Amino acid sequence: MREMRADLVVAGGGLGGVAAALAACRRGHRVVLTEQTDWLGGQLTSQAVPPDEHPWIEQFGCTASYRRLREDIRAYYRTWYPLTERAREWRSLNPGAARVSGLCHEPRVALSVIEARLAPHVAAQRLTVLLRHRVTGAVCDGDGVEALEVRGPDGELTVVCAPFFLDATEHGDLLPAAGAEYVIGAESSGEHGEPHAPPEAQPANIQSFTVTFALSHHEGEDHTVDRPASYDRWRAYRPEFWPGPLLGFLAPVPSTLEPYERWLEPNPAADPMDELADPARDNGDRELWMFRRILARGLHTPGSFASDITLVNWPMNDYWLGPITETTEEDAAHHLGQARELSLSLLHWLQTEAPRRDGGTGFPGLRPRPDVTGTPDGLAKAPYVRESRRIRALRTVTENDVAAAVVGPGGGPRYEDSVGIGSYRIDLHPSTGGDNYIDVDSVPFEIPLGALLPVRVRNLLPACKNAGATHVSNGCLRLHPVEWNVGEASSLLAAFCLERGVEPHQVHEQAALSGEFCRMLKREGVERAWPRMRG
């Protein structure tokens with residue numbers, strides 16, 4: 001057994017964990033950051049999901065450090081990629097020229113930027129990063145956590161002691177390990193009065209997860225993968241709430257559930273910047289190739305790239321037949337394996353049976369890109385997890401705080417102790433409980449300090465998708481900028497407490513401390529309120 005000590009332990013190296021480590025290190029504190037995979041960055045890297053962001057992200061609506069991350073990614077492309085002069089001068093450079101976000105990029109670029117940001121702190125021995133380490137337990141005393149237990153790839157147990165702990169794991173793994181009170185799945189409508197909550201609580205009803213993968217296309221070549229063992233099963237699968245077979249281009253419109261035909265047109269010939277700027281060409285997620293494209297070859301000097309690269313995170317490879325959170329290791333491994341088979345089956349279907357717009361069938365030139373995802377088969381290193389365990393918090397953000405139909409276009413509640421802001425539609429994907437999409441209008445929202453505080457445990461804070469939210473409101477709090485904001489705010493709260501000799505709950509209870517902490521957040525570049533807006 002190995003023992004370590006730090007000022008702050010961050011379990012989980014996703015976006016929230018990286019933000020947390022950076023924030024504490026900026027203030028000179030010693031941090032141990034653990035991560036289950038061998039890539040830091042979570043959604044952006046090991047899960048291979050380009051940013052999902054609100055429409056004002058280029059102007060406001062995120063922390064200063066998240067904005068630096070975005071600009072560093074653009075700077076990486078301008079420095080190292082053979083961009084055309086026009087693309088290089090594009091102020092809001094979108095490397096994939098994609099529809100889903102103003103900044104779609106390759107996972108490895110985000111990884112390089114994150115590692116560069118952390119490198120000075122590693123060199124100064126303020127930061128220790130433990131990759132391929134998973135949470136196995138915690139040592140607690142009363143209402144406090146004394147140590148985190150993680151196990152590395154060689155089986156060695158490491159025990160890390162610290163005054164404060166942040167749970168930035170994708171599933172909220174530190175919460176049960178520490179005996180903290182938490183919620184999983186869907187709350188009942190009686191608990192918070194949410195319009196879209198079920199009548200009875202459904203702990204096993206969790207949003208689907210997705211094993212994403214990257215593709216390029218090479219006309220005239222054949223990159224068809226072997227037929228997956230479960231291909232026939234997935235090819236025949238037609239969910240009761242789906243308008244056709246899951247392996248097909250017909251899927252629901254999330255907001256109306258009406259049938260909606262998608263199509264695939266690899267490597268469109270038009271100039272990517274012109275195409276993206278033309279409202280008449282905006283087909284949303286109907287045009288699958290462009291929607292999550294992460295490299296547009298047309299932004300580069302001719303001949304630099306043989307193909308675009310697109311990211312497959314589509315309705316057809318959402319997996320909802322069982323959870324990988326709050327279940328046995330055997331069941332989780334089974335469902336993760338089935339989700340991987342679903343993605344490989346989708347790939348095989350695209351290569352062999354998918355209808356083409358020219359009347360043909362199949363795209364054998366689709367090539368999986370292991371070099372992009374860092375895996376042998378081109379699937380992402382880790383599943384894209386949309387829903388986690390969530391702390392039972394002093395203040396829970398509910399649908400009634402963020403839904404436009406409830407609060408009106410003027411916006412939801414404002415908080416004197418706001419620790420950040422966010423905005424996204426309430427976007428729930430089909431769930432393990434058999435629900436179809438729940439996709440409703442929301443308003444820009446603030447995150448209250450109480451949403452970071454567990455009801456009992458005094459030195460454990462959330463730093464991922466596990467803050468005080470519900471199954472429904474999590475649909476707009478789970479996205480990249482908000483996860484980063486939650487991780488950064490929790491880390492700064494821990495730093496504030498270390499520097500003042502107080503506990504997080506005291507900051508919440510005492511107006512003077514709360515005010516001082518909020519001024520610190522402002523100095524650190526955390527936006528705490530939205531401009532006057534209408535949702």
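Q: What should I know about the model and its numbering?
A: Residues are numbered from 1 along each chain as its sequence is written, and side-chain values use heavy atoms, with hydrogens and water left out. In this predicted model, local features need pLDDT of at least 70 and side-chain atom pairs count only at pLDDT 80 or more, while totals for chains, interfaces and linings use all residues.

Q: In what order do the four strands of the open sheet lie?
A: Strands of a sheet pair through backbone hydrogen bonds, either parallel or antiparallel. Strands are DSSP runs of E with at least two residues, helices are runs of H or I with at least four, and both are numbered from the N terminus; two strands pair if DSSP finds at least two bridges between them. Here the order is E14-E15-E11-E17, with antiparallel pairing. Strands E14 (293-295) and E17 (366-368) stand at the edges with a single partner strand each, so one side of each lacks a neighbour in the sheet.

Q: How many bridges join E11 to E17?
A: Three bridges join strand E11 (residues 213-217) to E17, and His217 has Leu366 in E17 as its bridge partner.

Q: How many aromatic pairs does a search of the whole structure find?
A: Rings of Phe, Tyr and Trp (its six-membered ring) pair if their centres lie within 6.5 Å, and planes under 30 degrees apart count as stacked, over 60 as edge-to-face and the rest as tilted. The search finds 14 aromatic pairs. The ring centres of Trp242 and Trp320 are 5.4 Å apart with planes at 40°, so this pair is tilted.
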